Amino acid sequence: VVLTTPSRPNALEEKLSEVGWRTAELEATNHAFAKMVSGAHKRVIIMTPFLDVAGAQWLTELFSSVRAGVQCILILRLRTLEDSRRKDYPIGYDMISSWLKDKCINVFNYSIPKFANTGRETFHAKVILCDHDTAYVGSSNMTVASMDYSMEMGVTIRGRAAGDVAVVLEAVLKAATKWI
């Protein structure tokens with residue numbers, strides 16, 4: 001289990017401790033992500049629907065810790081890039097778009113028109129896939145709220161289950177539009 005708790009002190013850790021959960025044994029989300037991406041040998045895919053300034057910084061730190069020669073892919077929900085006045089405009093993307101391009105990080109937009117023009121097909125999943133055998137699936141967005149204020153929880157998985165996540169992300173990449 002990977003867990004982010006609100007900034008300390010917080011009621012969640014107090015209550016977890018009361019029920020006997022050893023919070024010191026929980027893996028913090030930022031540590032789990034860093035360990036995963038630095039251990040990748042072939043490819044890292046990060047899929048997040050929300051990206052603010054703090055999240056952009058977090059992404060650059062994660063991608064900077066990836067070994068040389070490992071392919072890096074970012075999947076975003078960029079429907080909001082078409083209109084910067086939207087309240088869910090990913091302001092963090094503007095901050096790092098040049099950096100992503102300079103680092104040859106492929107960016108894909110998975111906000112595409114649905115068949116027969118009946119709206120948009122998009123996602124709310126938060127996933128990190130390293131190679132085809134290690135994945136995080138959970139609730140943590142690349143935002144300051146997810147890093148400092150919200151309780152976020154997910155799991156890291158390995159082996160066949162991570163391979164199933166890889167199959168889904170391959171399909172997402174085929175359906176998505178390459179942005180960079």
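**Cavities, pocket and helix packing in a predicted model**

Strand 8 supplies the largest share of the lining of the largest cavity, namely three residues. The model is predicted, with local features requiring pLDDT of at least 70 and side-chain atom pairs counting only at pLDDT 80 or more, while totals for chains, interfaces and linings use all residues. Residues are numbered from 1 along each chain as its sequence is written, and side-chain values use heavy atoms, with hydrogens and water left out.

The protein chain contains six helices and 11 strands (DSSP runs numbered from the N terminus, with H or I over at least four residues for helices and E over at least two for strands). Its radius of gyration, taken over C-alpha atoms, is 17 Å, close to the 16 Å that the globule rule (2.2 Å times the number of residues to the power 0.38) gives for 180 residues, so the chain is as compact as a globular protein of that length. Along the principal axes, the C-alpha atoms fill a box of roughly 50 × 35 × 35 Å.

Two cavities of 30 Å³ or more were counted. On a 1 Å grid over the protein atoms alone, a cavity is a set of points where a 1.4 Å probe fits but cannot get out, whereas a pocket is an open set with protein on both sides within 12 Å along at least five of seven lines; lining residues have an atom within 4 Å of a point. Points are joined across faces, edges and corners, and a volume is the space filled by probe spheres set on them. The largest cavity holds about 40 Å³. Its lining includes Phe-33, Lys-126 and Tyr-136, and strand 3 (43-47) and strand 8 (126-130) are the elements that each give two or more residues.

The largest pocket holds about 390 Å³. It is lined by 21 residues, of which Leu-3, Ala-28, Thr-29, Asn-30 and His-31 are the closest to its centre. Helix 2 gives the most to this lining, with four residues.

The axes of helix 3 and helix 4 (residues 91-102), as lines fitted to C-alpha atoms over the stretch in contact, come within 7 Å and cross at roughly 30 degrees, on a scale from 0 to 180 degrees between N-to-C directions. Helix 3 is therefore roughly parallel to helix 4 (under 35 degrees; over 145 is roughly antiparallel, 65 to 115 roughly perpendicular and the rest oblique). Residues in contact (heavy atoms within 4.5 Å) include Phe-63 of helix 3 and Trp-99 of helix 4.
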